[in-house]
Structures are given as C-alpha cells and as structure tokens.
Amino acid sequence: MRYFYKITALLMIIFTLTGCLPAQNTADNPDFAAFTDELFRSEANSDSLTLNYTLAHPENYGITELPGGFQPFSYEDLAANGPALENLLATAESYDRDSLSLKQQILQDVLCDSLQTDIQGTKFAAFSGALGPTTGIQAQLPVLLAEFRIGDRSDLEQYFSLLMSVPDYFRSLLTLEQKKSELGTLACRTSLEHIISQCREFLQSGGFTVLTTTFQKKIAGADFLSEKEKADSLSRHEDCIRQYLTPAYQSLTDGLTKLLPLAMDNGSLSSRPEGGSYYSHLVKRITGSSLSVDELESLMKEKLDTAQDTLLAYAKKDPSLFSTCQSYVGDYPSTDSILTALQKRMTADFPQMTDSSYEIKYVDEALEDYLSPAFYLTPPLDDSRTNVIYINNSSRFDASSLFNTLAHEGYPGHLYQTCYMHSKNLPALRYLLDYGGYTEGWATYAEIYSYKYTGVSKDEIGILRNNMVVSLCLYGLCDIGVHARGWSREELLSFLNGYGSWGRETADSIYDAVTDEPASYLKYTAGYLEFMRLKDKMKEKLGDRYSEKTFHTYVLNMGPASFDILEKYIQRYGEL
C-alpha cells in the first residue's frame, strides 16, 4: 500500500496529448496560483512529519517557519471544521473557469471535489479516528519516524519536536475514543484488542529498536554535527524514547484497556447510530467512486460471477494450467531481478519516465505482525530519488506472490505512478490531494496487468488475473456485507462458502480485517473496477485509435482524482 501522511489535528489527509477541441487558456491565472500555493504551504507545514515527507527543501516553496510536532485536538475541533471548509470551497469556486489554464481547471475540479467530500464528512465527527491495527498512527509511527530525513540541524530539531509531541497527541486520540464510547461509535472489542496487543508488543519486544538503529546511522553520517554533538544527539534520542514514546504507548494501552468493557462485539458500522450513512460517506471518500454502495455491490457480484465462469472455462479446457500458471515464481531470485524485469517489459505499454532509484527495506521483526505485506513510502515532492519499498517477511504472507507485490508497490504501480506524476510539474497542491481509490486502484490494476510480464502462456495469465479478480470481489463484498448489511461472523462464513470451501479461522480473519479497517479494502476493489470502466470509456471514445499505452498515459497525466473527474476529461481527450 502507498503510505503518505498529512496530519492536521486528527484527520490524515497524505500533459502530453494533442487534439482539436477549442483552444484553451495556456497561461496560469496568477491569483488562483497564489491561492492554491498558499493552501499548499499551509497543509504541507501542518506538522513536522507532514513537512518532512512532503518537501526536502521547504525554503524553496516559501516555507521558512517550521511547524513543530503533532498538534493535539478535540472532538469539538473536528465537529467545527465545516465553516472553514465551506469558506475554502467558496473561494475555490469563485475563480472564473475560463481564466484558468487547463492544469488549473483540473486542480479546481479536484480541489472542489475534495472539499465537498470533507464538508460532508464533518457530519460524522463521532466516527473520526486515527487508531487502527494496520493503518493507524500508532502502527505507522515507528516506520515513519525511522524514515524521517535528517539532512541538517533544523531537520534534527523537527524530529525531536515530533518525539516530544507524541504523548499529548496520543492523549487527544484517547480522549476522542472516550467520547466515542459515550456516543456509541467506539470500535468493536476485537479491533481494540488488536490495537492494545500491538502496543504491548511494541513495548515488550523492543519495537522502538528500529528507531534507535536508524537514528544511529543518520547521526553517524551527519557531517553538520561535531563528534560531541553526535554523542549528545544519541543520548537525547534515548531520553526521548524513554520519556515520551514509551509512556505515550503505555498510556494509550492502559486507556484503551479501560474502554474494552464498553466496546460492542458487533463490528458492523450499521449497528452504530448513523453508521449506515457514515459507511456510505466513507466508501465514497475512500474509493473516489460516485457509485452507491448498492451499485458497487452489484458491480462486484457481476464481475465475481464473470471471473468464476471464466475460471471454470479454463478448468474444462486444461486443468493442469492451474498448477503451471505459477511456474514463473522461481524464475526471479531477488527483488532487484523482479523490478529490473518489470521495468524492461513494461516499456511497450506505459509511457517512459526518467530513471528513478529505489531502496528495498524489510519490516522490523517487532512490527511484522501488524503491518501490510509490503508498502511504498512516497518521496518528497522535490526529491523523487528517495523511493523506499518495505517488504514484510512475516510468515503470514505468501512469499511466492513477491513478483506481483513488487508490481503493485514498484513498477508499474505506486513507485512508477508517483515518480511519473512528480515529473509532470503539476500545481503543488495536486500532490497533497489524496485519492486512495485512484492510487490503490492504479496499483491493483498494475499488479493484475503485470501478469502479462511473467512469461507464462496467455491462458495461464487469464487464470492468474481472474483468480485475483475473484479475491478482490469476495473481500469487497465481505466489507459491504458486514458494514452495510450487518452480517455476523456466521453470515460472512456462509457467504464465502457459496464460492468454495472456507474454514472458520479464515472467515474470522476476514471479518476482523474488515471491522478493523472499514471500507479500506474497497479502494483496491472499487478502484480497480473503476479503472476498468474508464478503459471501456476510452475504447469507446477512440475506437481504432485506442491503445493500452494511450490509456495509461492519459490516466497518469491526469493524476489522482475522483473517477467522475477522470471520466469527464476523457470526453476532452486530445485537449490535455
């Protein structure tokens, strides 16, 4: 998964074609540029972690006063965000569209869409939260701090300010959870237990060792420090972990443990007050799709049935293909060999991009049980060279899927899409307007597409692709079933057994996954299906002129946006 964090209070907010449509204004509107650039600076500078991951050289963007650590917040702060967002929306909409360049018109569309969704979200402040077993800040923080860039003295001070701010920030997170227990929107018992267990594991197994190790390496290479300053920094770092990080995680653990008796066993959002409406909003925000929950459910069922019928046809044709389709797994002895092969083989289907470097790292053992099988950390906007892909070697994950995992995280997935976008010189604010349905949908699309590059036969590629579509749709339907339909664990198991033989343990793990992170899986499933719908629209628009490379170039040039906006500009294809 792609990981980019912009933390403001609690909310984690991380062209080359030609044609014959009417001529467009090619010059930027300076007033609109000033407005969006100032908004970019404000968002990028909201806290030190966001700034460090957004810009390597903030001074080049007019940022001279650095932000400090995380800012505590309250439930009342979240509920009162509406008027400020509405004012921003009114300002964004006030600029005459005809006075904007094409890039600015797209930015206006994306910004207004994002603000409208955020305004709708203020109705559901009671469901806000930054804690979660996989994507929660308490799970992400050790890795994010370990990857914090320290290039000068100001970076070093920003890093320490983050460490010292964690107790107050975590305290505000816990206060919000206490408020949610009063409002009836507290997470279910198993989700809280997963977070508590995770925090305890961090504390008992030395989960912060990774911070000490990486910090020591950074300080050893800090030529801007004297030897005495290096020694002082290492000592100060140990003190910060002992005085701030460890107590913060312990307090969070203790506080959540006290809330356990108040948590429900039922993990369905629909069992909470206004939970059904919140889920509908959450699905729209996470996926970027305008399809309703009912429409997405129907689409997934349709694609699931089609994929299963296709797999049955392959089985009738040659059952042995289901064994031989995995023959490519042993052809690549290392992650570098896989990424090299992917970069070479994708050139015919995807637009070229300047070389991008990357580093493969492995999740610390203390974090393996709680993080994803792999994830990509986005580089700063002004330095695309520092790409990092983390691989989780936990026994929970199938090592044989590494080829497609690296296609998802690397080429032509997240790393490629991010670096390509950085090369297009879009307005800076575009890089902060996050659309998970686009980014994860693209990476999932790239992963499925990458079976083409495995070297197996066409029929075997068909089996691999359709098998993954089946998995995507099954998990997506489980998410909707639990949160919109109120499925119990038994009902989820019954649904799965309608599509094969599933054990209780596997079904329970799926139930826990979708209750831990509601709608999170849908950005993969719905995002992928929406990209396939866009592809059909592009084929319809271009007819004989269509090619895969044309479609991929269009999607990548547009950048993250809702699927309605992406479809809208297909009708203006040739103008971009």
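What covers the buried residues of α14? Let's find out in this predicted model, one close-up at a time.

**View 1. Helix α14 and its buried residues.** Helix α14 runs over residues 335–345, and its buried residues are Thr-335, Ile-338, Leu-339, Ala-341 and Leu-342. Look along the axis: these residues cover an arc of only 160°, which puts them on the same side of α14. Their cover includes β4 (358–362) and α15 (402–409).

**View 2. Ser-114 in helix α5.** Find helix α5, residues 102–121, and pick out Ser-114 within that stretch. Is Ser-114 buried or exposed? Its relative accessibility is 15%, and the cut-off for buried is under 20%, so Ser-114 counts as buried. Setting aside neighbours within four places in sequence, Ser-114 is in contact with Leu-433 and Tyr-435.

**View 3. The largest nonpolar core.** This core has 125 residues, and the members that touch the most others are Leu-492, Phe-531 and Tyr-554. Helix α18 (residues 458–483) gives the core its largest share, 13 residues. Another core, of 58 residues, lies apart from this one and has Phe-70, Ala-130, Leu-173 and Cys-240 among its members.

**View 4. Tyr-445 and Phe-551, an aromatic pair.** The structure holds 36 aromatic pairs. In the pair shown here, the ring centres of Tyr-445 and Phe-551 are 6.3 Å apart and the planes meet at 70°, so the pair is edge-to-face. Tyr-445 belongs to helix α17 (residues 436–449) and Phe-551 to helix α22 (residues 548–558), so the pair ties together parts that are 106 residues apart in sequence. Both partners are buried: Tyr-445 has a relative accessible area of 2%, and Phe-551 has a relative accessibility of 0%.

**View 5. Trp-487 and Phe-495, a tilted pair.** Here the distance is 5.0 Å centre to centre, with 40° between the planes. Trp-487 counts as buried at 16% relative accessibility, and Phe-495 is buried too, with a relative accessible area of 15%.

**View 6. A cluster of rings.** Which residues do ring pairs link into this cluster? They are Phe-350, Tyr-416, Tyr-420, Tyr-438, Trp-442, Tyr-445, Tyr-449, Tyr-453, Phe-531, Phe-551 and Phe-563.

**View 7. Arginines over rings.** Arg-236 lies over the face of Phe-160, 4.1 Å from the ring centre. Turning to Tyr-449, a member of the ring cluster, you will find the charged end of Arg-465 over its ring, at 5.4 Å from the centre.

Notes. Residues are numbered from 1 along each chain as its sequence is written. This is a predicted model: local features need pLDDT of at least 70, side-chain atom pairs count only at pLDDT 80 or more; totals for chains, interfaces and linings use all residues. Side-chain values use heavy atoms; hydrogens and water are left out. Buried means under 20% relative accessible area, exposed over 50%, partly exposed in between (1.4 Å probe, protein chains only). Helices (H or I, at least four residues) and strands (E, at least two) are DSSP runs, numbered from the N terminus. The arc is that of the directions from the helix axis to the C-beta atoms. Contact means heavy atoms within 4.5 Å. A nonpolar core is a set of buried Ala, Val, Leu, Ile, Met, Phe, Trp, Tyr and Cys residues joined through side-chain atoms within 4.5 Å. Rings of Phe, Tyr and Trp (its six-membered ring) pair if their centres lie within 6.5 Å; planes under 30 degrees apart count as stacked, over 60 as edge-to-face and the rest as tilted. A charge sits over a ring if NZ of Lys or CZ of Arg is within 6 Å of the ring centre and within 35 degrees of the ring normal.
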